[in-house]
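Please look at the sequence and the 3D structure shown below, and keep both in view while you read the report that follows.

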Amino acid sequence: MTAGAADPAIGDVVAERTVHLTRESLVRYAGASGDFNPIHYRDDIAASVGLPGVLAHGMLTMGLAVETIVPWLGDSRRILEYGVRFTRPVVVDPETGADLRIVAKVGAIDDESARIDLTVTCDETTVLGKAQVRVRLA
Amino acid sequence: MSPVNPDLVGRTFPPTAPYLVGREKVREFARAVFADDPQHFDPEAARALGYADVVAPPTFAMVVQDQTLQQLLAEPDSGIVLQNVLHAEQRFRYSRPIVSGDELTGTLSVTGVRAIGGNAMVTSEAEIRDAAGEHVVTATSVLVVGEGER
């Protein structure tokens, strides 16, 4: 069950989803965002700078994580602030891709706003730190 | 010794050239971040929420922020080399969402340079305003800049 947008309580899961990333997702994000750093699509360059493989853009992970709660919010005007720390890289395998699991939970509430904590994991490992969205109460 | 010039702190760059947000660009970006809410795709759904046109996803602001960061990278005395840069933190503070039809400019200020071992943490704020000069969003990023190979 997901909680209603009008009266969230601390601990409520307001939205969750799993997103399957492939190399195509990374190329699509590169084009849409203008971030053409080759570590996001070339295995040889990723390896040459010591990475375990081609990585998803941190801003792609940040962007798809917050989109998980937009249908619940109803209006993105309610988003006041959104911040993350990029703590772990998301390696996207050329054949099997990567699955990101996003769970959005109410972490705190005050008179006018709620803090939604986003937990984003890949293979059971948390990839974003302090991923928090401050939203205006409906 | 930090690889980054500490004199960058307090430096403010000229506003970027206006960026006109297009409807198809918003849709393209929305698909790329796996957005499925109609306010990003359907002008009627956006109008029902009180917007003039489709609403950009929250992290779309990075497209304008990126133009400001290019100014920082191009600064001859910065000491920052792109291949040694790691994105450590990102934050957005919104006055309102970005909407198709907006003409946005970003003004970057460097607010902190802190040496940590052989690296430097560079904090910068891009203040993004619309054509009327109203605040839309402030994008704050923390970059970790390594020394790399000399």
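Two residues are said to be in contact if their C-beta atoms, placed from the backbone, lie within 7 Å. In that sense, and leaving aside its neighbours within four places in sequence, Asp130(B) is in contact with Asp102(B), Glu103(B), Leu104(B) and Val136(B).

The model is predicted, so that local features need pLDDT of at least 70 and side-chain atom pairs count only at pLDDT 80 or more, while totals for chains, interfaces and linings use all residues. Residues are numbered from 1 along each chain as its sequence is written, and chains are lettered from A and ligands numbered from 1 in the order in which they are written.

**Chain B and Asp130(B)**

Helices (H or I, at least four residues) and strands (E, at least two) are DSSP runs, numbered from the N terminus. Chain B has three helices and five strands, and from the N terminus on these elements follow the order β-α-α-α-β-β-β-β. The C-alpha trace of chain B spans about 55 × 30 × 20 Å along its principal axes. Among the contacts in chain B with a separation of 6 or more, 69% are accounted for by residues 24 or more positions apart.

A residue is buried if 20 or more other C-beta atoms lie within 10 Å of its own, exposed if 12 or fewer, and partly exposed in between, with C-beta atoms placed from the backbone. By this rule, 42% of the 150 residues of chain B count as buried. Is Asp130(B) buried or partly exposed? Asp130(B) counts as partly exposed because it has 19 C-beta neighbours inside 10 Å. Asp130(B) is found in the loop between strand 4 (119-129) and strand 5 (135-145) of chain B, and its C-alpha is 9.8 Å from that of Leu20(B), although the two are 110 residues apart in sequence.

**Where the chains touch**

In all, 26 residues of chain B are in contact with 27 residues of chain A. On the side of chain B that touches chain A, helix 1, helix 3 (62-74) and strand 2 (85-94) of chain B each supply at least two residues, and the largest share, eight residues, comes from strand 2. For the classes, Ala, Val, Leu, Ile, Met, Phe, Trp, Tyr, Cys and Pro count as nonpolar, Asp, Glu, Lys and Arg as charged, and the others, Gly among them, as polar. This side of chain B has 15 nonpolar, four polar and seven charged residues.

Helix 1 (residues 23-33) of chain A and helix 1 (residues 23-32) of chain B pack with their axes 9 Å apart, at an angle of about 150°. Because angles over 145 degrees count as roughly antiparallel, helix 1 of chain A is roughly antiparallel to helix 1 of chain B. Axes here are lines fitted to C-alpha atoms, for helices over the stretch in contact, and angles run from 0 to 180 degrees between N-to-C directions. The contact is made by Arg28(A), Tyr29(A), Ala32(A) and Ser33(A) of chain A and by Glu28(B), Phe29(B) and Ala32(B) of chain B.

**Paired strands**

Two strands pair if DSSP finds at least two bridges between them.

| Strands | Bridges | Sense |
|---|---|---|
| Strand 2 (residues 79-86) of chain A and strand 2 of chain B | five bridges | antiparallel |
| Strand 2 of chain A and strand 6 (residues 128-136) of chain A | six bridges | antiparallel |
| Strand 4 (residues 113-122) of chain A and strand 6 of chain A | five bridges | antiparallel |

Between the chains, Arg85(A) stands opposite Glu89(B) in strand 2 of chain B. Within chain A, the bridge partner of Glu81(A) in strand 6 is Arg134(A), and Arg115(A) also stands opposite Arg134(A).

Conventions: Parallel < 35°, antiparallel > 145°, perpendicular 65-115°, else oblique.
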